[in-house]
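Good morning, and thank you for the time on today's agenda. I would like to take you through one protein chain, and I ask that you keep its sequence and structure in view as I speak.

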Amino acid sequence: MQHRKLFKIVEISENEYQKVQQTSQIGQAFKTYQKPLQVIETQQSEFLDYINEKLSLLLQYLQVPYKKYIISHGGHDEQNDKCQVNKIQQQNQNQIDCKTNNFNPTTTQIQLPHIDYKPKQLQIQTMYCLIQQEQKNENIKKYIYDDFQQDLQNWRTNQEKKIKKNIQDANSQCKSVVNCSCIKQDQIFEYNNQNQAVMILEMFHTKYIDEDKMIQKATIRYEEDLFNENELEQINKLEQINKLVQRNKLEQINKLEQINKIEQTNEQEQILIFQKHSQYPFVKLNQCIGRKEEQLLNETGKFWTSSMIDGYANYLFGQDEKKYFRLSKSLRECYKRLFIFTSDFITNCNLNTQPFKEKWLLLMLEKLESFKTIQYQFWLIYQNIAFIINKNNSHWYLITVNVTERYIFVYDSLKGNHQHYYMVGDLLSYLFYELQKNQLQQQNIRQDQYKFKIYVKSNFLNQSDAYSCGQYTCIALEYISNLSNIVNYKNKTDMKQNLKSILFYKKLKKGK
């Protein structure tokens, strides 16, 4: 027996969630638009056995009793009295407070700061005498006071510049793991056992305990693609200099010679990087970039490919990692980290065929395998979760998911038929229910009771053509990211130029 479900979709305004009543629509979840492929029974049986075998290995982490986990944020702790950086900042602040006393010429007792130089010493003494004796020669008093005030202001300005420089130096030291004792990774503990971390989070890497072994996995395998040419040059130079200093402890003259060699090596490396990305196709941001992508960015009226959109998504995810791990402890605690499911995930689920739930769940668990030691509760780390949707290989749009509140935001430049939203909503409702099954069953929540509410972003941009949905999807990706504090959506021209600079290196001039 087939069950028909009653769906209702609402729209929201920019500033608040404003439900808009619409005509009830009756739709069938996971509707089959085409006949399923005919698969030979033996092949189908082997495929099911393969799926179930892999799925059983990953499901064992969900079969244990539900556990609650907490995250301990690292970063620079401004309240840590033992941190040398905090001590420097406090000393500098104390100097600012005590060395910027106001000068009031009407008082007979004036407290002056200590001045190391004596160009105006005679005038300062004369001014003291004039004020203490209450002389009436206003011209002399005014001349001496104005002259001294300028001298004092110059001194204060120089002192404040020096102190601010010390603070900047302290802040730059704080960004270095070596110089600041507060810098440390994020750690995840079991709620009832906070003695040993079950997971350690670092920039571009995670470590987790599996069968009493500490395993390290890369969250990003394209680190070098997240830095521009200048950043790469500086990073390589610093890394190689540090290695030389640590290994050989060279004298200053030898260091300079080695640095010159390193600069020459870096220049050659940059030429090799450019040559690598001048030959098509090449791999960047975990995507295959070819001449087609370059042509699409230089022309108009073309449908963007998954390599372009997923490449931009990977770029934003990587930049979010960089930004987060440079934050202080207090800022990390309120920061909503970004996690993006690229378009291949929903595409591989193949919603236009008969539901294959075992395959869906396997794809999800394989995507989240790095979080299996915390029972796949990746939303504890990432609160800003997004999915890139390719609808029937003819339209792009983006959705964001809030797991705790159970709602979906839709960023679609063609707000038309909502049937596909229902299909994606049912898919994600099933997957996230399975990930939380032990917890939800303790709360007596059944599968059919766990549903995501769907909200359409009513003020999102509308496309006026049949090809620019990919550009608007990238605009939505940047809008939900923490890359820049933008209030309005970016226009298509700026997005095209931005993506061009990200996917392709600048061409070297002749003679270089």
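I shall begin with the chain as a whole, then turn to one helix, and close with the salt bridges.

Please bear in mind throughout that this is a predicted model. The chain contains 15 helices and 15 strands. Of its 512 residues, 41% are buried. Among contacts with a separation of 6 or more, 66% are between residues 24 or more positions apart.

Let me now turn to helix α14, which covers residues 469-480. From its first C-alpha to its last, this helix of 12 residues reaches 17 Å, close to the 16 Å expected at 1.5 Å a residue. How many residues of α14 are buried? The count is 12 of 12. Among them are Y472 and Y479, and also the charged residue E478. Against what do these buried residues pack? The helices in question are α8 (306-324) and α15 (492-503). The strands are β11 (338-341), β12 (384-391), β13 (395-402) and β14 (407-411).

I come next to the charged side chains. Side chains of opposite charge can pair when their charged atoms come close. A search of the whole structure finds 12 salt bridges, and I shall discuss some of them.

One joins K54 and E366, at 2.7 Å from N to O. Because K54 belongs to helix α1 (residues 41-63) and E366 to helix α11 (residues 357-367), this pair ties together parts that are 312 residues apart in sequence. Are these two partners buried, exposed or partly exposed? K54 counts as partly exposed, at 29% relative accessibility, and E366 is also partly exposed, at 31%.

Another salt bridge is formed by R332 and D186, at 2.9 Å from N to O. R332 sits in helix α9 (residues 329-333) and D186 in strand β5 (residues 186-190), so here the parts tied together are 146 residues apart in sequence. Both R332 and D186 are buried.

K372 is buried, with a relative accessible area of 9%, whereas E369 is partly exposed at 26%. Salt bridges with shared partners link D210, K217, E369 and K372 into one network.

That concludes my presentation, and I thank you for your attention.

Methods
Residues are numbered from 1 along each chain as its sequence is written. This is a predicted model: local features need pLDDT of at least 70, side-chain atom pairs count only at pLDDT 80 or more; totals for chains, interfaces and linings use all residues. Side-chain values use heavy atoms; hydrogens and water are left out. Helices (H or I, at least four residues) and strands (E, at least two) are DSSP runs, numbered from the N terminus. The expected span of a helix is 1.5 Å times one less than its number of residues. Buried means under 20% relative accessible area, exposed over 50%, partly exposed in between (1.4 Å probe, protein chains only). Contact means heavy atoms within 4.5 Å. A salt bridge is a side-chain nitrogen of Lys or Arg within 4 Å of a carboxyl oxygen of Asp or Glu.
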